[in-house]
Amino acid sequence: MATTPELGWGDTNDRDNALRGLVDKLEPCVVRTEAGRVVWDNDRWDFLTGNDCPDTVHPSLWRQSGLNTAQGLFEVVPGIYQVRGLDVSNMTLIEGDTGVIVVDPLTSKEVAEAALALYRRNRGERPVKAVIYTHSHGDHFGGVLGVTTTEAVEAGRCTVIAPEGFMQHAVSENVFVGPAMLRRAVFMYGRSLAVGPEASVGFGLGQALSTGTVGLVPPTQDITETGQELVLDETRLVFQLTPDTEAPSEMNFYLPDHQVLLIAENVNHTLHNVLTLRGAQVRDAHAWASYITESIQLFPEADVLIGSHNWPTWGREQVMRMLTEQRDAYAYLHDQTVRLMNRGLTGTEIAEEIQSFPGELGRAWSTRGYYGSISHNVKAIYQRYMGWYDGNPAHLWQHPPAEQAKRYVQAIGGADATVTTAREAAEAGDLRWAAELLNHVLFAEPEHLAARELQITVYENLGHAQENGTWRNIYLTGAKELREAGQDKRGKGAPRGDSVDMLAALATGQIFDSMAVRLHGPRAAPHRLLLRWEFTDTGEVWTLLVGNGVLTPMRGNAPGSEAPQVTLRLERGTLNSVLARRTSFTEAVGSGAVAVDGDVSVLATFYGLLEEPARNFPIVLPRDGGAAGSSSRSALQGESLQSRGSRQGVSGGA
């Protein structure tokens with residue numbers, strides 16, 4: 001595969017920076033739970049640094065992935081260290097007068113413990129005096145219980161600092177559509193793929209997410225405005241709020257005594273996502289660029305730039321260049337998309353029009369589309385302003401995919417004829433058209449063997465050609481799932497097992513909202529149910545009304561004179577345990593943890609109307625009749641109530 005000639009292949013600056021300041025490594029770089037389950041294995045990526053780029057990987061992505069494999073404890077400047085290569089994200093450690101400040105304690109407890117132990121092995125047993133969450137994605141807070149304890153925070157021995165709105169957004173992004181996001185994350189992050197030159201080589205921002213124990217300790221201090229300063233363990237920090245950029249709640253901060261700017265995930269050695277392919281709300285590219293401009297203005301004396309991912313940048317001129325390139329990348333995509341939008345182009349058309357950045361911006365390694373891409377970011381900007389409809393009446397009321405596929409295949413002359421046309425397109429190099437034709441065949445006739453085999457080849461060829469790591473993973477996962485279609489996948493799919501810490505962070509109203517989106521409306525329509533919940537530890541009272549196929553949570557009593565049919569008295573912690581599958585309602589009632597007054601059959605009816613989200617719904621093949629939602633098992637029989645959206649740290653969130 002030919003290299004991209006306009007890039008500076010002889011420039012070793014990124015490699016030098018990725019390895020600069022190495023103090024110690026974790027050898028072997030494998031982290032396990034107490035039970036021995038591997039939650040992180042960085043050594044499996046060694047093939048990326050010991051071999052030449054094969055034909056099955058884009059050389060630019062090969063370079064990026066190799067840089068991301070660097071692991072160990074690194075000194076940034078005296079007193080500031082990073083642990084990299086123990087998760088998708090970086091842990092930054094800032095030494096104070098008597099202890100250490102931990103910034104972004106990774107995704108899970110086990111890797112955070114290993115990172116802190118590696119630091120202490122080289123720098124001594126410094127106590128953790130503060131933890132800083134830079135933003136509300138799980139790979140930046142989920143490992144907090146590996147570096148501190150709830151008891152230490154409650155006793156005031158450790159301060160936890162986060163941007164304003166952190167708690168709301170840390171647990172809310174996936175409350176409604178967590179199961180769908182988790183399923184799509186399997187494709188985006190290549191979670192089911194093997195590791196190797198023909199399979200996963202990472203996803204540009206990092207190599208993988210750790211799979212250990214996810215926790216959350218609520219902040220004890222919020223950052224509420226730009227310019228706010230704190231002195232932590234005799235270390236001065238100046239904060240900049242950057243809401244609605246890479247995350248809805250995010251912040252940068254500057255260490256003036258070290259002239260180091262920590263830029264969170266707002267600036268990376270890759271183009272990031274305006275809309276992540278696992279699914280999320282569209283981010284504001286215009287605001288993102290504006291906040292980077294503000295960083296340049298606020299911190300012109302920064303000599304070192306460090307972030308939540310990838311490697312640092314040293315030198316004031318290089319720092320300003322990095323900030324400027326990243327700012328201009330998001331600004332260019334935003335402004336040019338809007339310009340072309342106002343000429344009447346649709347998102348898909350604009351993505352074909354803008355295929356690269358101009359001039360020096362296009363030659364910068366940091367703006368390459370390893371994680372985000374120009375193509376899907378442009379479509380996201382269009383979506384943010386214009387929505388799903390492109391204005392063409394023919395696209396206003398189209399048939400759903402399976403019905404559309406049957407009609408296309410019939411119009412082309414049948415499945416075999418369509419496969420023949422797709423094969424000709426593939427041989428001519430038009431893999432995009434071949435994939436679309438074969439997708440129609442597979443949605444019309446899922447068992448068509450020739451279509452399936454050819455689509456596997458097409459997806460693999462598309463994946464191997466991608467510079468973008470997430471696109472590569474998506475194509476290769478699609479091929480893998482076609483190859484394995486029909487195999488028994490019970491127990492597979494999106495991971496289960498809710499974190500009590502994450503559930504405790506959800507407001508009670510959020511839990512009931514997550515029940516509302518699980519209510520099977522057509523089956524619920526004949527019922528009118530009124531359930532009262534009294535939480536004895538928090539003093540909260542909630543009433544749930546089911547009527548017209550809708551679940552309406554109401555804080556306090558129901559309006560009017562209608563009496564609840566059943567009342568439940570319990571502690572909020574008991575509800576959390578049920579949701580986390582630590583117990584069931586049956587067991588909780590039997591033990592006295594839940595007291596029930598009134599008609600208990602109403603409770604059984606209510607839970608019988610809640611649908612368990614599908615964990616492993618098909619993506620590359622059409623759904624069968626039951627794939628959209630599995631059977632509704634009652635929580636009284638041990639069923640979890642919530643939508644697994646609270647496991648932000650498991651699904652990723654970058």
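Student: Let's start with Thr346: buried or exposed?

Tutor: Thr346 is buried, with a relative accessible area of 16%. Buried means under 20% relative accessible area, exposed means over 50%, and partly exposed is in between, using a 1.4 Å probe and protein chains only. Keep in mind that this is a predicted model, where local features need pLDDT of at least 70, side-chain atom pairs count only at pLDDT 80 or more, and totals for chains, interfaces and linings use all residues. Residues are numbered from 1 along each chain as its sequence is written, and side-chain values use heavy atoms, with hydrogens and water left out.

Student: Fine. Where does Thr346 lie, and what does it touch?

Tutor: Thr346 lies in the loop between α9 (316–341) and α10 (347–353). Leaving aside residues up to four places away in sequence, Thr346 touches Tyr382 and Asp390. Contact here means heavy atoms within 4.5 Å. As for the element names, helices (H or I, at least four residues) and strands (E, at least two) are DSSP runs, numbered from the N terminus.

Student: And Ser375, which helix is that in?

Tutor: Ser375 is in helix α12, residues 374–386. Ser375 counts as buried because its relative accessibility is 16%. With residues up to four places away in sequence not counted, Ser375 touches Ala351 and Trp471.

Student: Switching to helix packing. How do α15 and α16 cross?

Tutor: The axes of α15 (residues 431–444) and α16 (residues 449–464) come within 9 Å and cross at roughly 145 degrees. Those axes are lines fitted to C-alpha atoms, for helices over the stretch in contact, and the angles run from 0 to 180 degrees between N-to-C directions. The crossing of α15 and α16 is left-handed, where left-handed has the near helix turned anticlockwise from the far one by less than a right angle, and right-handed has it turned clockwise.

Student: Which residues meet there?

Tutor: On the α15 side they include Leu431, Ala434, Leu438 and Leu442, and on the α16 side they include Ala451, Leu454, Val458 and Leu462. The residues of this contact divide into eleven nonpolar, three polar and one charged. For those classes, Ala, Val, Leu, Ile, Met, Phe, Trp, Tyr, Cys and Pro count as nonpolar, Asp, Glu, Lys and Arg as charged, and the others, Gly among them, as polar.

Student: How covered is α7?

Tutor: Mostly covered: nine of the eleven residues in α7 are buried. Among them are Gly178, Pro179, Arg183 and Phe187. Leu182 is found in α7 too, which runs over residues 178–188, and Leu182 is buried with a relative accessible area of 2%. After α7 comes Gly190, with a positive phi near 65 degrees.

Student: How far is Leu182 from Trp314?

Tutor: C-alpha to C-alpha, Leu182 and Trp314 are 37 Å apart in space, and they are 132 residues apart in sequence.

Student: Why do you call α19 largely enclosed?

Tutor: Because seven of the nine residues of α19 (residues 508–516) are buried. Ile511, Phe512 and Met515 are among the buried ones.

Student: Last topic, the whole chain. How many helices and strands?

Tutor: The protein chain comes to 24 helices and 21 strands. Its radius of gyration is 26 Å, close to the 26 Å that the globule rule gives for 654 residues, so the chain is as compact as a globular protein of that length. That radius is taken over C-alpha atoms, and the rule is 2.2 Å times the number of residues to the power 0.38.

Student: What share of the residues is buried?

Tutor: Buried residues make up 56% of the 654. Among contacts between residues at least 6 apart in sequence, 73% join residues at least 24 apart.
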